[in-house]
Amino acid sequence: MISGLSDGLSDIDRALLRDTGMNLLTLGFRAIGADASGIDVSGFRAASVPITSGLGIIGGFSRSVADIVRDMGIECFVTEHTDVWGFGEALDRGADIILMADDEQYMAYSVAAGKYANNSFCTAAGYVEALRGAAGGLDGKAVLVRGAGRVGSNMVSILCRQGAKVTVADVVREKATAVAAANPGTVAADDIEEATAEARLILNASPSPIPGDLIMEGAVVSTPGIPHVYDEATLAKAKFIHDPLAIGTAPMVAQCIVYSMEKERCK
Ligand code: 2YJ
């Protein structure tokens, strides 16, 4: 899924600029409510640590993470050692930000602040920001969130803060109802297919792709997660914003930089 990233990062920036008007650096900072333009990110150094626990190393994962960070203009190395030893190596080699993932958590750790940014929130924030860019703002606009899990529920609360009119849908309706109840003004869809067919702005946080025939002409679909393969006709009628790792990683890095700068200011 991610092995192609090493060669394609400028492609990601090109696609993001075309679809959202932002490159990865700008999108990462905007996703967390910050502005990259006044920040010199080149002074930061990051490390990507391979983690063997659980299902183990995913070939190319830590390398792809490092490529994404470099694409943002930040130096990043992959540690030679893994796990705890790798974390120590990252500190020894002067990393300000340390990225690592096991099967449950993907985080970026700010060494200066002793705080971390987590991927579930940052994936939600990144894809909402990408949708906002593509739609020219979200205030007052109807947005459908498919999936009421960790990423979907974060998307709903971020959208609510931005003034969007949110509908949330999940194959397990109780999950959608619970997320809607926690976010006043949000509606839980009765029928996920009907809600999809009526939506022009869609965030797909569910693990399954959206059936192409449900997507309306002119829709914008911002969709993290698994590779979503659509036929030519579907791709021609809607705009799809998707990449396997970068849009979720950029806000994590941006958040760590902001954490580190806040810590510096407090000294
Ligand atoms: O270092 C490695 O190569 C592996 N330990 C990477 C594991 C990557 N982990 C995942 O992809 C998990 N599904 C992350 C869950 C993040 C939740 N948003």
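Visitor: What makes Arg-132 and Glu-129 about one helical turn apart?
Guide: They are three residues apart in helix H5 (residues 119–135), and therefore about one helical turn separates them. Keep in mind that this is a predicted model.

Visitor: Why is the contact between Arg-132 and Glu-129 called a salt bridge?
Guide: The label needs a side-chain nitrogen of Lys or Arg within 4 Å of a carboxyl oxygen of Asp or Glu. For Arg-132 and Glu-129 the N to O value is 2.6 Å, so the pair passes.

Visitor: Which of those two partners is buried and which is partly exposed?
Guide: Buried means under 20% relative accessible area. Glu-129 has 3%, so Glu-129 is buried. Arg-132 has 25%, which falls between the 20% and 50% cut-offs, so Arg-132 is partly exposed.

Visitor: How many salt bridges does that rule give?
Guide: Six. Among them is the one between Arg-93 and Glu-89, at 2.6 Å from N to O. Glu-89 is buried at 9%, while Arg-93 is partly exposed at 34%.

Visitor: What makes Arg-18 and Asp-19 count as a salt bridge?
Guide: Their closest N and O atoms are 3.1 Å apart, and the limit is 4 Å, so they qualify. Arg-18 has a relative accessible area of 61%, and exposed means over 50%, so Arg-18 is exposed. Asp-19 has 10%, so Asp-19 counts as buried.

Visitor: Why is strand E1 described as largely enclosed?
Guide: Strand E1 covers residues 45–49, and four of its five residues are buried, so the rest of the structure largely encloses it.

Visitor: How do you know that E1 pairs with strand E2?
Guide: Pairing takes at least two bridges. E1 and strand E2 (residues 75–78) are joined by four bridges, so they pair, and they run parallel. Within that pairing, Ala-46 stands opposite Cys-76 in E2.

Visitor: What is the strand order in the six-stranded open sheet?
Guide: The order is E8-E7-E6-E9-E10-E11, with parallel pairing. Strand E8 (187–188) and strand E11 (239–241) are called edge strands, as each pairs on one side only.

Visitor: Which residues form the negative surface patch?
Guide: The patch is made up of Asp-191, Glu-193, Glu-194, Glu-198 and Asp-213.

Visitor: Why is Asp-213 called exposed?
Guide: Its relative accessible area is 67%, and exposed means over 50%, so Asp-213 is exposed. Asp-213 sits in the loop between strand E9 (201–204) and strand E10 (220–222).

Visitor: Is Tyr-230 buried or exposed?
Guide: Tyr-230 is buried: the value is 11%, and the cut-off is under 20%, so that label applies. Tyr-230 has its place in the loop between E10 and helix H9 (232–237).

Visitor: How far is Tyr-230 from Ile-51, in sequence and in space?
Guide: They are 179 residues apart in sequence and 32 Å apart in space, taken C-alpha to C-alpha.

How values were computed
Residues numbered from 1 in each chain as written. Predicted model: local features only at pLDDT ≥ 70, side-chain atom pairs only at ≥ 80, totals over all residues. Heavy atoms only, no water. Patch = residues over 30% accessible without salt bridge, like charges linked within 9 Å, V, L, I, M, F, W, Y side chains within 5 Å. Areas by Shrake-Rupley, 256 points an atom, 1.4 Å probe, with all protein chains shown as cover. Lys, Arg positive; Asp, Glu negative; His and termini not counted. Charge placed at Lys NZ, Arg CZ, Asp CG, Glu CD. Helix = DSSP H or I, 4+ residues; strand = E, 2+ residues; numbered from the N terminus. Buried < 20%, exposed > 50% of the residue type's maximum accessible area, 1.4 Å probe, protein only.
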